[in-house]
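Hi,

Here is the structure I promised to pass on. Have a look at it first, and then read my notes below.

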Amino acid sequence: MGMSVIIAAARPEEAEQILKLQYLGYQSEAELYSDWTLEPLTQTLESLRAELSEHRVLVARLGDEVVGSVRGWVDADGVGRIGRLVVHPRMQRHGLGRRLLEGLEAQLAEDGATGGFELFTGHRSLGNLRLYRKLGYRETEVREVSRRLSIVTLAKPVTTTLAA
């Protein structure tokens, strides 16, 4: 008898689980770029709690365990800003990232994201880039941060989501 994964709004009491998952999930990114100072690895519990109260945060729950998370908000220009998509390593490649992202897009569209959606990832994060492109995101900018890291910004119009 297996449990199914539920996508739902994060609860304030899940902040520690989300932070631990984020730390675990971003280890592979840190290794990829030889940089253990990535913001998701240095974020404090206090700042995550502030994000939980200020932004939309979705989690993927397997029973009581948080196995995925994503967060976002709508900026002053009506663009849905999406970040920190993370899925537990043992739960990857089962569609949870897609479900989290599509769920957040729907919520941000309800919140007034008429200017589309935008997110970013590192240039070596090929799995992330593949997922985002598969979901209709297109590269809009590549910005070199250091010799080891370039940030790839991707955007998607709202109509792509609503038509799906």
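Helix H1 (residues 15-25) and helix H4 (residues 45-54) have axes that come within 10 Å and cross at roughly 115 degrees. Helices here are DSSP runs of H or I with at least four residues, strands are E runs of at least two, and both are numbered from the N terminus. Axes are lines fitted to C-alpha atoms, for helices over the stretch in contact, with angles from 0 to 180 degrees between N-to-C directions. H1 and H4 are therefore roughly perpendicular to each other (the label covers 65 to 115 degrees). On the H1 side, Ala15, Glu16, Ile18 and Leu19 make the contact, and they meet Leu45, Leu48, Arg49 and Leu52 of H4 (contact means heavy atoms within 4.5 Å).

A word on provenance: this is a predicted model, where local features need pLDDT of at least 70 and side-chain atom pairs count only at pLDDT 80 or more, while totals for chains, interfaces and linings use all residues. Residues are numbered from 1 along each chain as its sequence is written, and side-chain values use heavy atoms, leaving out hydrogens and water.

Now the sheet. Seven strands form an open, mixed sheet, in the order E1-E2-E3-E4-E5-E7-E6 (strands pair if DSSP finds at least two bridges between them). Strand E1 (5-9) and strand E6 (138-144) are at the edges with a single partner strand each, so one side of each has no neighbour in the sheet. From one strand to the next, the twist averages 25 degrees. E2 (residues 56-62) and E3 (residues 65-74) run antiparallel and are joined by seven bridges; Ala60 sits opposite Gly68 in E3.

Back to the helices: H1 lies across E2, E3 and strand E4 (80-87), at about 95 degrees to E3. Helix H5 (residues 96-110) lies across E1, E2, E3, E4, strand E5 (117-122) and strand E7 (150-156), running at about 155 degrees to E4.

Cheers

Note on methods
Parallel < 35°, antiparallel > 145°, perpendicular 65-115°, else oblique.
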